[in-house]
Amino acid sequence: MKRLFYASFVAIAMMTTLVSCDKDTYLAAPSQPFFFRVVDANHVNFYDQQGILCEEGREIEFKINTQFPRNVYGTEPLSPAVGETMVHRLVYDSDEYDTERTSDASILIEFNYNYFCNTMRVYGLYMESTDALGNKIQLVCLDELTLKATIETLEMRENPFFQHAQIHYTLYADSMELASAVQDVRVITDENDVDF
């Protein structure tokens, strides 16, 4: 009797072990943003790794910070340096231009002129988010953005040479203007033309 009871107990235990009622349940995590695309000058849409829309119309600020106004000595007008195109394409993971990411989610861009090299910060190409595990990740803009510079002469004199110019920087996504900034430049030969 004891053997029958023991054999029944073992058989029931083995059947319970082999045929468990517990089922593993996997809950799908909400889709996580992986990159973004520009909607307009103030909004972007977030997409996951498969390109499926995660979030629509997130606010963003595209911004260009130039250096301070420049006063330089010279005898000819301000112009782009040899080889400077005055148009820089800002493409994610492109080595076409040397762009350096900074800790404040901006990138550094350089334009070269006959008197100086001008470095500026461009904001809005990277955004911070968190993944499903709560880790911080940087989202990148997959749109091709373009930063253009144009020189506008406001005043010029030949003798003694003097030029007051403004450099206009504009950030575009296709033909849509996202941000702009202006930098003042004076090229002088006479110190009386400008206060340093």
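**View 1. Cysteine 54 sits in strand β3, which covers residues 53–59.** Strands here are DSSP runs of E with at least two residues, and helices are runs of H or I with at least four, both numbered from the N terminus. This is a predicted model, in which local features need pLDDT of at least 70, side-chain atom pairs count only at pLDDT 80 or more, and totals for chains, interfaces and linings use all residues. Residues are numbered from 1 along each chain as its sequence is written, and side-chain values use heavy atoms, leaving out hydrogens and water.

**View 2. Meet the surroundings of cysteine 54.** Setting aside neighbours within four places in sequence, cysteine 54 is in contact (heavy atoms within 4.5 Å) with Ser31, Gln32, Pro33, Phe46, Tyr47 and Asp48. Glutamine 32 lies 22 residues away in sequence, yet its C-alpha is 6.9 Å from that of cysteine 54.

**View 3. Here are two cysteines, with cysteine 54 partly exposed and cysteine 141 buried.** Buried means under 20% relative accessible area, exposed over 50%, and partly exposed in between (1.4 Å probe, protein chains only). Cysteine 54 has a value of 27%, while cysteine 141 has 5%. The structure holds 0 disulfides, a disulfide being a pair of cysteine sulfur atoms within 2.5 Å.

**View 4. Phe62 belongs to the largest nonpolar core, a set of 40 residues.** Such a core joins buried Ala, Val, Leu, Ile, Met, Phe, Trp, Tyr and Cys residues through side-chain atoms within 4.5 Å. Phe62, Phe111, Tyr113, Leu145, Leu147, Tyr169 and Leu171 touch the most other members. Beyond four places in sequence, the contacts of phenylalanine 62 include Val38, Val44, Leu145 and Leu171.
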